[in-house]
Amino acid sequence: MGKIIIALDGVVEQEIALTKERMTIGRRSHNDIVLSHPAVSGEHAVITTILDDSFLEDLRSTNGTFVNGQRIGKHFLQHGDAIKLAKYQIDYLADGVRPQSAAPSDATVPLPQAGIPPARVEVLNGANAGKQLALTKPLTTLGRPTVQVVVISRGVDAYSIAQVEGDAPTQVNGALLGKQPVRLKSGDIIDLSGTQMAFRQD
């Protein structure tokens with residue numbers, strides 16, 4: 001279950017767990033999440049959550065809904081997405097993951113991308129089989145907090161993976177993954193407690 005943290009002018013106003021399948025956001029009082037600023041539409045947006053996946057949809061609002069600086073109609077939310085509604089800054093945290101305060105101060109600086117092909121992971125089995133996640137950020141986290149969390153890092157010339165949290169074993173091509181980063185190659189199979197994903201690089 002994910003959650004959102006809502007801030008106005010840099011001050012956190014609300015922290016809301018996405019406990020319902022459908023949660024509306026808007027200025028009017030009947031919404032699940034009420035944002036009282038006049039630039040927010042009466043019914044501005046809705047977050048739909050199915051199992052572990054959440055989708056943000058704009059409800060034809062006057063001033064629009066933005067994710068990571070781009071205006072959206074409907075968007076599959078990923079951990080760390082920055083949502084902008086009028087004057088509000090909303091951060092989406094997947095499955096209750098908290099930002100790592102110990103991250104290097106330059107973690108938000110885009111890394112040089114020259115020469116590195118885009119990559120993605122594709123779920124191979126289970127209810128989410130066929131779903132793909134583009135690895136567009138410097139760091140992408142997968143798994144469940146305290147149980148099993150791995151990080152895929154996008155470097156200057158390669159992608160690497162390491163387990164950063166939890167005791168549940170992660171495997172890459174059948175070999176146990178530790179805390180030391182392992183370089184990924186296109187076609188590598190990542191196994192998170194039975195959920196298999198293929199790393200694909202164009």
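In the predicted model, strand 20 and strand 21 (residues 195–201) are paired in the antiparallel sense through four bridges. Within this pairing, Ile 190 has Met 197 of strand 21 as its bridge partner. The two strands form a hairpin in which two residues lie between them, and Ser 193, in the turn, has a positive phi of about 50°. Strand 20 (residues 189–192) is also joined by three bridges to strand 17 (residues 170–172), and these two strands run antiparallel. Here the bridge partner of Thr 170 is Leu 192 in strand 20. In general terms, the strands of a sheet pair through backbone hydrogen bonds, in either a parallel or an antiparallel arrangement.

Elsewhere in the model, six strands form an open sheet with the order 2-1-11-10-7-8 and antiparallel pairing. Its edges are strand 2 (11–17) and strand 8 (70–71), each of which pairs on one side only. Strand 7 and strand 10 are paired in the antiparallel sense over three bridges, and Thr 65 stands opposite Leu 85 in strand 10.

The largest nonpolar core comprises 21 residues, of which Ile 4, Ile 6, Ile 33, Leu 35, Leu 56, Ile 83 and Ile 90 touch the most other members. At least two residues of this core are supplied by each of strand 1 (3–8), strand 3 (22–26), strand 5 (45–50), strand 10 (82–85) and strand 11 (88–93). A second, separate core contains 18 residues, including Ile 116, Leu 142, Val 150 and Tyr 159. When residues up to four places away in sequence are not counted, Ile 83 touches Leu 56, Thr 65, Phe 66, Val 67, Leu 77, Tyr 88, Gln 89, Ile 90 and Tyr 92.

Ser 61 is located in the loop between strand 6 (53–58) and strand 7 (65–67). Ser 61 counts as buried because its relative accessibility is 6%, with the cut-off for burial set at under 20%. A polar atom of the Ser 61 side chain lies 3.0 Å from the backbone nitrogen of Gly 64. With neighbours within four places in sequence left aside, Ser 61 is in contact with Ser 41, His 44 and Arg 71. Glu 43, although 18 residues from Ser 61 in sequence, is 7.2 Å from Ser 61 in space, C-alpha to C-alpha.

Notes
Residues are numbered from 1 along each chain as its sequence is written. This is a predicted model: local features need pLDDT of at least 70, side-chain atom pairs count only at pLDDT 80 or more; totals for chains, interfaces and linings use all residues. Side-chain values use heavy atoms; hydrogens and water are left out. Two strands pair if DSSP finds at least two bridges between them. Buried means under 20% relative accessible area, exposed over 50%, partly exposed in between (1.4 Å probe, protein chains only). Contact means heavy atoms within 4.5 Å. A polar contact is a pair of N or O atoms within 3.5 Å; within protein, one must be able to donate a hydrogen and the other to accept it, and residues adjacent in sequence count only if both atoms are side-chain atoms. A nonpolar core is a set of buried Ala, Val, Leu, Ile, Met, Phe, Trp, Tyr and Cys residues joined through side-chain atoms within 4.5 Å.
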